[in-house]
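These are notes for a colleague opening this structure for the first time. Please read them beside the model.

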Amino acid sequence: MSRVTNNWERLVGATLKRELGQGHERTSSGIAGAVPPSLARTTIIDAILQAADEIQDEDPNVARILCEQAYSMAQNLDPSSDGRGVLQFKTGLMSAITQKLARRDGARIDRHRDIEHLWEFYQHYKRRHRVDDIQREEQKFRESGNFSTVNLGEFELRSLEMKKVFATLRALVEVMEALSKDADPHGAGRHIMEELQRIKTVGELTSYNIVPLDAPSSSNATGVFPEPL
């Protein structure tokens, strides 16, 4: 089953690359980065699938949640799969979801707990990457005005890493917001709504760029899904 699924994913990926002309631009595995233009224009499905790729090894269950939400978004936007490449994309994505379920070796999934699991992972991810601490350090760095070549190079390297972290966080927030509508308003749902309000108030998770623009450069340049078998 796994070999058949892998072969199917490769076939779908090749078809998408040929139809969408994005083969040389893709930077992630699976079908992330191959979202059809008709879906990519109005959603962040691509970003959600990129995040799923990033955290697959760390938490396969959260990666599964993200992929299922991406599929639901695609289905809601184009239920008849009329857009170019949409049918192939949906088929490949469902194949990837089925494979993720199969890897659980028969363990049942309680989708009623998805939002709680997602919230717990979101908090853990922020702590592990020291997001709050780094934001405070960034603010001090900007206020100091001390843009030496050594400091600037260090912060540029950190900026590249944090851009990836923030992209993953934005995808997690997007999915949490969508799923929280059906969550317990006295449990995870309430915490998520408070977090969403805080993010909007302080402007957190906007495009991340720790290096001030005027600093010198240090370089030259959810629908219906199958249950696990």
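1. A crossing is called left-handed if the near helix is turned anticlockwise from the far one by less than a right angle, and right-handed if it is turned clockwise. The model discussed here is predicted. In it, helix 3 passes helix 4 in a left-handed crossing.

2. Helix 3 covers residues 45-55, and its axis comes within 8 Å of the axis of helix 4, with a crossing angle of roughly 165°. Helix 3 is therefore roughly antiparallel to helix 4, because angles over 145 degrees count as roughly antiparallel.

3. Which residues of helix 3 and helix 4 meet? On the helix 3 side they are Ile45, Ile48, Leu49, Ala51, Ala52 and Ile55. On the helix 4 side they are Pro60, Val62, Ala63, Leu66, Cys67, Ala70, Met73 and Ala74. By class, this contact between helix 3 and helix 4 has 14 nonpolar residues, with no polar and no charged ones.

4. Helix 4 (residues 60-77) also packs with helix 5 (residues 86-102), at an angle of about 155° and with the axes 10 Å apart. The two, helix 4 and helix 5, are therefore roughly antiparallel to each other. Their crossing, helix 4 with helix 5, is left-handed.

5. In the contact with helix 5, helix 4 supplies Ala63, Arg64, Cys67, Glu68, Ala70, Tyr71, Ala74 and Gln75. Helix 5 supplies Phe89, Lys90, Leu93, Met94, Ile97, Lys100 and Leu101. The residues of this contact between helix 4 and helix 5 divide into 10 nonpolar, one polar and four charged.

6. Helix 6 is another partner of helix 4: the two pack at an angle of about 120°, with their axes 10 Å apart. The crossing of helix 4 with helix 6 is left-handed. Asn61, Val62, Arg64, Ile65, Leu66 and Glu68 of helix 4 meet Asp114, His117, Leu118 and Phe121 of helix 6. The contact of helix 4 with helix 6 comprises five nonpolar, two polar and three charged residues.

7. How many aromatic pairs are there, counting rings whose centres lie within 6.5 Å? The count comes to two. One is formed by tryptophan 119 and tyrosine 122, which are stacked at 5.8 Å centre to centre with 20° between the planes. Tryptophan 119 and tyrosine 122 are three residues apart in helix 6 (residues 114-128), so about one helical turn separates them. Are these residues buried or exposed? Both tryptophan 119 and tyrosine 122 are buried.

8. Phenylalanine 121 and tyrosine 125 also form a pair, with ring centres 5.8 Å apart and planes at 35°, so the pair is tilted. Phenylalanine 121 and tyrosine 125 are four residues apart in helix 6, which puts about one helical turn between them. Phenylalanine 121 has a relative accessible area of 5% and is therefore buried. Tyrosine 125 is buried as well, with a relative accessible area of 5%.

9. A last point concerns a loop residue. Lysine 181 lies in the loop between helix 8 (149-179) and helix 9 (188-202). Lysine 181 is exposed because its relative accessible area is 69%, and the cut-off for exposed is over 50%. The C-alpha atoms of lysine 181 and isoleucine 192 are separated by 10.0 Å, and the two residues are 11 residues apart along the chain.

Terms used
Residues are numbered from 1 along each chain as its sequence is written. This is a predicted model: local features need pLDDT of at least 70, side-chain atom pairs count only at pLDDT 80 or more; totals for chains, interfaces and linings use all residues. Side-chain values use heavy atoms; hydrogens and water are left out. Axes are lines fitted to C-alpha atoms, for helices over the stretch in contact, and angles run from 0 to 180 degrees between N-to-C directions. Angles under 35 degrees count as roughly parallel, over 145 as roughly antiparallel, 65 to 115 as roughly perpendicular and the rest as oblique. Contact means heavy atoms within 4.5 Å. Ala, Val, Leu, Ile, Met, Phe, Trp, Tyr, Cys and Pro count as nonpolar, Asp, Glu, Lys and Arg as charged, and the others, Gly among them, as polar. Rings of Phe, Tyr and Trp (its six-membered ring) pair if their centres lie within 6.5 Å; planes under 30 degrees apart count as stacked, over 60 as edge-to-face and the rest as tilted. Buried means under 20% relative accessible area, exposed over 50%, partly exposed in between (1.4 Å probe, protein chains only).
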